Number of protein chains: 2
Amino acid sequence: MTNATEMLTALGDPTRQAILDRLSHGPLAVGQLAEVLPVSRPAVSQHLKVLKDVGLVFDTQEGTRRLYQVDPEGIALLRRHLDGFWERSLAAFQQRARNERGEHHDRDR
Amino acid sequence: MTNATEMLTALGDPTRQAILDRLSHGPLAVGQLAEVLPVSRPAVSQHLKVLKDVGLVFDTQEGTRRLYQVDPEGIALLRRHLDGFWERSLAAFQQRARNERGEHHDRDR
DNA sequence: AAGCTCGGTAAGTCGTAGCTTACGGTTAGT
DNA sequence: ACTAACCGTAAGCTACGACTTACCGAGCTT
């Protein structure tokens, strides 16, 4: 699936954050990730499945190995989600700051 | 603290995502959030503490109530983090696509 | 075809995150 | 001062998620 909130939920785990961070520098195989990370290879494999299901990474068969890499479109989707999020909260913030200064509050009169 | 990875970890929980989503439209009190969300008021209070500790929300005393709202700077920080993330993965992606086409691979010869 | 490397999946354990109820503290109103 | 509204924290329970070991399949090499 390609949902922004599910991506955020997937990125909640620190190990998955580390995996995506490594993959952002270039494609890596499962074993290579397991060498660096403080978890076993099957654990890495399970995390990669989660990241793949939400559309943050994709894999390509490379001989006997399987290369994983970050899907730029997935990151872009998450980025746009935060963008709209940021705009709303900023608008609400500025509106509130305006009410603070000129204390009209004659909204419904 | 004001760390991007800790923000991502905090946003891993769907309830906290929902809380931040509501708050992005404007300030809300704890009780108002609890009315809407499918959890109890103390649960909301605990989630707000997590969101506040990572710098995603801040609160202001308003009489007997306590208004929470999104911190735009917190979202901005997370946004920039994803930006750098996206640029790296895109660069790695394009580089790989280039290697696919012209199969030079005379890197170390 | 046998042996090797690599990786996904199953099964099971364990810690902890999220939830609830109960309680106490603070502010405002009468 | 008493009461009510609102909220944070403590204590405790439960479910789930992250991890491990064990097993098996797929792809090269010789």
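Biologist: In what order do the elements of chain A run from the N terminus on?
Modeller: Happy to start there, with the reminder that this is a predicted model. Chain A has 5 helices and 3 strands in its secondary structure. Read from the N terminus on, the order of its elements is α-α-β-α-α-β-β-α.

Biologist: What percentage of the residues of chain A count as buried?
Modeller: A residue is called buried if 20 or more other C-beta atoms lie within 10 Å of its own. Chain A has 109 residues, and the share of them that counts as buried is 23%.

Biologist: Which residues of helix α2 of chain A are buried, and how are they arranged around the axis?
Modeller: Helix α2 of chain A covers residues 14–24, and its buried residues are R16(A), I19(A), L20(A), L23(A) and S24(A). Around the axis they span an arc of only 135°, so they sit on the same side of α2(A).

Biologist: Which residues have the most contacts inside the largest nonpolar core?
Modeller: As background, nonpolar side chains tend to be buried together in soluble globular proteins. The largest nonpolar core here has 38 residues. Within that core, the residues with the most contacts are L51(A), L56(A), L51(B) and L56(B).

Biologist: What is L51(B) in contact with, leaving aside its neighbours within four places in sequence?
Modeller: One of its partners, L56(B), is also among the residues with the most contacts inside the core.

Biologist: What kind of axis relates chain A to chain B?
Modeller: Chain A can be laid on chain B by a turn of 180°, with a shift of 0.0 Å along the axis and an RMSD of 0.0 Å. That is the relation of a two-fold axis.

Biologist: Which residue of chain A comes closest to the rotation axis?
Modeller: Going by C-alpha atoms, the closest approach is 1.9 Å. The residue of chain A found there is G12(A).

Biologist: Which element gives the largest share of the side of chain A that touches chain B?
Modeller: In total, 29 residues of chain A are in contact with 29 residues of chain B. The elements giving two or more residues to this side of chain A are α1, α2, β3 and α5. The largest share, 15 residues, comes from α5(A).

Biologist: Why do the copies meet through the same surface?
Modeller: Compare the interface residues of the two chains. The copies meet through the same surface because the share of interface residues of chain A that are also interface residues in chain B is 100%.

Biologist: Where is L82(A), and which residues does it touch, not counting those up to four places away in sequence?
Modeller: L82(A) lies in helix α5 of chain A, residues 72–101. With 19 C-beta neighbours inside 10 Å, L82(A) is partly exposed, because a residue needs 20 or more to be buried. The residues L82(A) touches are I75(B), L78(B), R79(B) and L82(B).

Biologist: Is P38(A) buried or exposed?
Modeller: P38(A) sits in the loop between α3 and α4 of chain A. There are 8 other C-beta atoms within 10 Å of P38(A), and a residue with 12 or fewer is classed as exposed. So P38(A) is exposed.

Biologist: Which element gives the largest share of the surface near DNA strand C?
Modeller: Around DNA strand C there are 23 residues, and A29(A), G31(A), P42(A), D13(B) and S40(B) come nearest. Both chains take part, with α3, α4 and β3 of chain A and α4 of chain B each supplying at least two residues. The largest share, 5 residues, belongs to α4(A).

Biologist: And which element gives the most to the surface near DNA strand D?
Modeller: DNA strand D is surrounded by 21 residues, with S40(A), A29(B), G31(B), P42(B) and S45(B) the closest. By class, this surface has 7 nonpolar, 10 polar and 4 charged residues. The element that gives the most, with 5 residues, is α4(B).

Key
Residues numbered from 1 in each chain as written. Chains lettered and ligands numbered in written order. Predicted model: local features only at pLDDT ≥ 70, side-chain atom pairs only at ≥ 80, totals over all residues. Contact = placed C-beta atoms within 7 Å. Core = buried A, V, L, I, M, F, W, Y, C linked by C-beta atoms within 7 Å. Arc of directions from axis to C-beta. Least-squares fit on C-alpha atoms with pLDDT ≥ 70 in both. Near = placed C-beta within 6 Å. Nonpolar A, V, L, I, M, F, W, Y, C, P; charged D, E, K, R; others polar.
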